Amino acid sequence: MKQPFVHYYDLHPTQEDLMGESVAQSTLIHYLLSVFTYLFRTTTCFIVSNLNLYQRRRRYEYPLAPDIALFKGVTIPNPAARECHSWRLYEPNRPPPQVVFEFSSEETWKTDIEEKPARYAALGVQEYIAYDPNDPPRT
């Protein structure tokens, strides 16, 4: 039996995974997931947090894992089945998310503002929202 292809970072932590999230980030992510789930309850969509996104079938490709990703027109039959470890854009019927949210931390704000917009645009993401919940905001 042929073994399924596995991306390295679906089994190992990324640098962002090792950082964890602040209380401000975590609270905001959970709140917005609830709000979006309610707002899009009658719409076919998939709303998820921290799901690895891969553009190519490369074992060691470093994924993007947005704090929140909104995929309009996508249905996951049983999201609680633990079968969806990542989103592989190279597979059929796997569009990019239309909207991505990143909530910055002291360690990530510069990357969130300077690098990630172009990386997400290259994937086909239509809207990228970066928010700095820090007080005061990083500059």
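Me: Why does Asn 50 count as partly exposed?

Reply: This is a predicted model, and in it Asn 50 has 37% relative accessibility. Buried needs a value under 20% and exposed one over 50%, so Asn 50 falls in between and counts as partly exposed.

Me: And where does Asn 50 sit?

Reply: In the loop between E1 and strand E2 (52–54).

Me: What makes Asn 93 buried or exposed?

Reply: The relative accessibility of Asn 93 is 75%. The cut-off for exposed is over 50%, so Asn 93 counts as exposed. Asn 93 is found in the loop between strand E4 (86–88) and E5, and its phi is near 60 degrees, again positive in a residue other than glycine.

Me: Now Phe 101. How do you know whether that one is buried or exposed?

Reply: Its relative accessible area is 13%. Buried means under 20%, so Phe 101 is buried. Phe 101 lies in strand E5.

Me: What is Phe 101 in contact with, leaving aside its neighbours within four places in sequence?

Reply: Phe 36, Pro 66, Asp 67, Ile 68 and Ile 129. Take Asp 67: it is 34 residues from Phe 101 along the chain, yet their C-alpha atoms are separated by 5.8 Å. Ile 68 also stands opposite Phe 101 in the strand pairing.

Me: What makes E5 as a whole largely enclosed?

Reply: Five of its five residues are buried, so E5 is largely enclosed by the rest of the structure. Val 99, Phe 101 and Phe 103 point one way from the strand, while Val 100 and Glu 102 point the other way, and all are buried.

Me: What makes E5 and E6 a pair, and which way do they run?

Reply: Five bridges join E5 to strand E6 (residues 127–131), against a requirement of at least two, so they pair. E5 and E6 run parallel. Val 99 turns up here too, opposite Glu 127 in E6.

Me: What about E3 on its other pairing, with E1?

Reply: Four bridges join strand E1 (residues 45–48) to E3, and the two run antiparallel. The cut-off is at least two bridges, so this also counts as a pair. Ile 47 stands opposite Leu 70 in E3.

Me: Why is E3 called largely enclosed?

Reply: Four of the five residues of E3 (residues 68–72) are buried, so the strand is largely enclosed by the rest of the structure.

Me: Stepping back, how many helices and strands are there?

Reply: Four helices and six strands. Along the sequence they follow the pattern α-α-β-β-β-β-β-α-α-β.

Me: What makes the protein as compact as a globular protein of its length?

Reply: Its radius of gyration is 15 Å, close to the 14 Å that the globule rule gives for 139 residues, so it is as compact as a globular protein of that length. Along its principal axes the C-alpha trace spans about 55 × 35 × 25 Å. Of the 139 residues, 37% count as buried. Among contacts with a separation of 6 or more, 72% come from residues 24 or more positions apart.

Me: How much space lies in the largest pocket, and which residues are closest to its centre?

Reply: About 640 Å³ of space lies in that pocket. Of the 29 residues that line it, the closest to the centre are Thr 14, Glu 16, Asp 17, Asn 50 and Ala 65. Helix H1 (15–19) gives the most to the lining, with four residues.

Me: What classes of residue make up that lining?

Reply: The lining of the largest pocket has eight nonpolar, 11 polar and 10 charged residues.

Me: And what does the second largest pocket hold?

Reply: About 250 Å³ of space. Its lining has five nonpolar, two polar and five charged residues, among them Phe 5, Cys 84, His 85 and Arg 94.

Methods: Residues are numbered from 1 along each chain as its sequence is written. This is a predicted model: local features need pLDDT of at least 70, side-chain atom pairs count only at pLDDT 80 or more; totals for chains, interfaces and linings use all residues. Side-chain values use heavy atoms; hydrogens and water are left out. Buried means under 20% relative accessible area, exposed over 50%, partly exposed in between (1.4 Å probe, protein chains only). On a 1 Å grid over the protein atoms alone, a cavity is a set of points where a 1.4 Å probe fits but cannot get out, and a pocket is an open set with protein on both sides within 12 Å along at least five of seven lines; lining residues have an atom within 4 Å of a point. Grid points are joined across faces, edges and corners, and a volume is the space filled by probe spheres set on the points. Ala, Val, Leu, Ile, Met, Phe, Trp, Tyr, Cys and Pro count as nonpolar, Asp, Glu, Lys and Arg as charged, and the others, Gly among them, as polar. The radius of gyration is taken over C-alpha atoms; the globule rule is 2.2 Å times the number of residues to the power 0.38. Contact means heavy atoms within 4.5 Å.
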